[in-house]
Amino acid sequence: MGVMEARAANPREARAAPALGVRNVSVTFGAATNRPVLKDISFDVREGEFLTIVGPSGCGKTTLLRLFAGLMKPTSGEILFDGKPVAGPSRERAIVFQDYANALLPWRTVAGNIALSLERHVPARAEREARVEALIARMGLQRAATQFPPQLSGGMQQRVQIARCLAQQPRIMLMDEPFGALDAITRQTLQDDLLKLVAEKRMTTVFITHDLEEAIYLGDRVHVLGAHPGRVVETIEVGLPAPRNQLTTREDPKFLAHRHRLFGLLQGH
Ligand SMILES: Nc1ncnc2c1ncn2[C@@H]1O[C@H](COP(=O)(O)OP(=O)(O)OP(=O)(O)O)[C@@H](O)[C@H]1O
Ligand SMILES: [Mg+2]
């Protein structure tokens, strides 16, 4: 027992552990007799990896992300973060929503939205301002700093949401179709900016998308969820070279092979 405790306390061992563990998780909404939305799902999110999750509408992707964030509890099974059960939301796990219009406060400026999570946790105003300024620069929002979210394009609003997430200095970013509503060019720019950002910060990321190509382009691994009930039907190790490139990565025979495989799976073949 003493030995076990000593091992768990060793920070090097803690880093080697998976960031998130999903252990036999099932979710049923309403009466226990209802069909489960997620059924007996188990997998790990590795420390520092970019995991993408793709699956048909209604298969439980958002539900899974809400479990990771601690916004809800599984009906059975367990979610582990750093080896400990997730009991509720934490600043260590930041979430980026698809619906940016409702995720930001329309009456606060861009800088004010980014400062939000710092206000309770960083008492010194000068430090708060310095951190906000650095995030504004990092996300390319300099010209928007004093504007309000409804004055910005969708792409810029998503940059603000990502900056606000980073302000809380999370260990893991949970992203629910964050680029789903953006046009193709804006989306590709944000994909590349996000990849650069997470590589810089070595941030563990779980990214949900409907888009097969986005899943392959961004991911170190792709989990494919099936529906009724939601479960992992396949995991693909992407194995494409980094940094990714919008032209050459998407033309790589490996990318195309993954695309064929995923397309077939999601068509139910
Ligand atoms: N709070 C809730 N109460 C009852 N049913 C719910 C609740 N939340 C989700 N569901 C149901 O669970 C299933 C999975 O929902 P979820 O939002 O996780 O799917 P999704 O994979 O994110 O879909 P989409 O791709 O359309 O966003 C759906 O059938 C949905 O209607
Ligand atoms: Mg969803």
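Val 54 has Thr 209 in β8 as its bridge partner. The model is predicted. Strand β3 (residues 50-54) runs parallel to β8 and is joined to β8 by five bridges. Strand β8 covers residues 204-209, and six of its six residues are buried.

**Strand β8 and its neighbours**
- Five bridges also join β8 to strand β7 (residues 172-176), and these two strands run parallel.
- Across this pairing, Met 175 stands opposite Phe 207.
- A right-handed β-α-β unit is made by β7, helix α8 (residues 184-201) and β8.
- Thr 204, Val 206 and Ile 208 point one way from β8, while Thr 205, Phe 207 and Thr 209 point the other way; all are buried.

**Aromatic pairs**
- Three aromatic pairs are found in a search of the whole structure.
- Phe 43 and Phe 68 form an edge-to-face pair, because their ring centres are 6.3 Å apart and their planes stand at 80°.
- Phe 43 belongs to strand β2 (residues 38-45) and Phe 68 to helix α3 (residues 61-69), 25 residues apart; both Phe 43 and Phe 68 are buried.
- Phe 50 and Phe 207 have ring centres 5.9 Å apart and planes at 40°, so this pair is tilted.
- Because Phe 50 lies in β3 and Phe 207 in β8, the pair ties together parts 157 residues apart in sequence.
- Phe 50 counts as buried at 4% relative accessibility, and Phe 207 is buried with a relative accessible area of 0%.
- Phe 50, Phe 179 and Phe 207 form one aromatic cluster.

**Charges over rings**
- Arg 93 places its charged end over the ring of Phe 81, 5.1 Å from the ring centre.
- Arg 250 lies over the face of Tyr 217, at 4.6 Å from the ring centre.

Terms used:
Residues numbered from 1 in each chain as written. Chains lettered and ligands numbered in written order. Predicted model: local features only at pLDDT ≥ 70, side-chain atom pairs only at ≥ 80, totals over all residues. Heavy atoms only, no water. Buried < 20%, exposed > 50% of the residue type's maximum accessible area, 1.4 Å probe, protein only. Helix = DSSP H or I, 4+ residues; strand = E, 2+ residues; numbered from the N terminus. Pairing = 2+ DSSP bridges. Right-handed = clockwise from strand over helix to strand, strands pointing away. Phe/Tyr/Trp six-rings, centres within 6.5 Å; stacked < 30°, edge-to-face > 60°. Lys NZ or Arg CZ within 6 Å of the ring centre and 35° of its normal.
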